[in-house]
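Dear colleague,

I am passing a structure on to you. Please have a look at it, and then read the notes below.

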Amino acid sequence: MRIDVLTLFPNMFTSPMNESMMWKAKDRQLLDLHLHDIRDYSQDKHRAVDDTPYGGGGGMLLRADVMVRAVESVLPMDEAHPTPPVILMTPQGRVFSHEIARELAQHPRLVIVCSHYEGEDERVRQLVITDEISIGDYVLTGGELAAMVVMDATLRHVGGLLGAEGAELRDSHADGLLEGAHYTRPVVFRGLEVPQVLQAGNHPQIQAWRREQALRRTWERRRDLLRKAKLTEQEKYLLAKFAREDAQRLK
Ligand code: ADE
């Protein structure tokens, strides 16, 4: 997958994109990352990219002419290559999720635009942006950290990155539930023992136990997710049991 990132701070990407999974993605040629400094598209002698807003109100806005020039310079101009999604990182966008990461991973190319200051001239959106993504309901200083979050979560779904074991299928959220607890050696630590079922090694029982743990954890922490998860009759029965246990505890 090729990703072009437009940013005022390309150096922010250097270390995170050269460690761990992101490094592996580049090394295995699953990620072809191109960082572009938005200032290189300024035609001002001071390399200015922003200006004051019409109508007043303080703060500075990224200029439409500079931003559109930057985006258009990275878009393929021939018909053989379809135009990739051009994603603006903004707290006003659709809220990023596991599903959106999977959806983005289907594209051979993405362009990610990191905004800064008070935002950008509205015409940037109108002219070149095709999608807007937020990583949560809070405001970051700029879109760079958000862009890295989106790239990391998306690349987990690009074939081959996580190995053959299908780790992305076991992730929390992959089946609509949070993952349950995991254990490794030592078998007893500070008096806490690895559950017997895991030690016994009966795989159907382990599967059933893990599913119940995932269900219980999702019930305890993110009940909202259960509304969308696909559950069997037996799992619905378990949820009813959790609800009864909660009611007992409150008595
Ligand atoms: N830029 C500033 N805040 C952001 C957020 N929450 N998500 C994406 N981009 C942002």
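Which residues in α3 meet which residues in α5? On the α3 side they are Ala101, Leu104 and Ala105, and on the α5 side Val150, Ala153 and Thr154. By class, this contact has 5 nonpolar residues, 1 polar residue and no charged ones. Please keep in mind that the model is predicted.

Helix α3 covers residues 98-105 and helix α5 residues 144-155; they pack at an angle of about 75°, and their axes are 8 Å apart. An angle from 65 to 115 degrees counts as roughly perpendicular, so α3 and α5 are described as roughly perpendicular to each other.

From α8, the residues in the contact are Arg211, Glu212, Leu215, Arg216 and Trp219. They meet Glu235, Leu238, Leu239, Lys241, Phe242, Ala243, Glu245 and Asp246 of α10. By class, the contact of α8 with α10 has 6 nonpolar and 7 charged residues, with no polar ones.

Next, the ligand. The residues around it are Met89, Thr90, Pro91, Ile133, Ser134, Ile135, Gly136, Tyr138, Val139, Leu140, Gly142 and Ala146. Which polar backbone atom lies 2.8 Å from a nitrogen atom of the ligand? That atom belongs to Tyr138. For Ile135, a backbone N or O atom is 3.0 Å from a nitrogen atom of the ligand. Leu140 likewise places a backbone N or O atom 3.0 Å from a ligand nitrogen atom.

Two points of backbone geometry remain. The peptide bond that runs from Arg185 to Pro186 is cis, with omega near 5°. Pro186 sits in the loop between α6 (167-170) and β8 (188-189). The other point concerns Ser20, which is not a glycine but has a positive phi of about 50°. Ser20 lies in helix α1, which covers residues 20-27.

Best regards

Terms used. Residues numbered from 1 in each chain as written. Predicted model: local features only at pLDDT ≥ 70, side-chain atom pairs only at ≥ 80, totals over all residues. Heavy atoms only, no water. Contact = heavy atoms within 4.5 Å. Helix = DSSP H or I, 4+ residues; strand = E, 2+ residues; numbered from the N terminus. Nonpolar A, V, L, I, M, F, W, Y, C, P; charged D, E, K, R; others polar. Near = heavy atom within 4 Å. Polar contact = N/O pair within 3.5 Å; in protein donor to acceptor, adjacent residues only side chain to side chain. Axes fitted to C-alpha atoms, helices over the stretch in contact; angles between N-to-C directions. Parallel < 35°, antiparallel > 145°, perpendicular 65-115°, else oblique.
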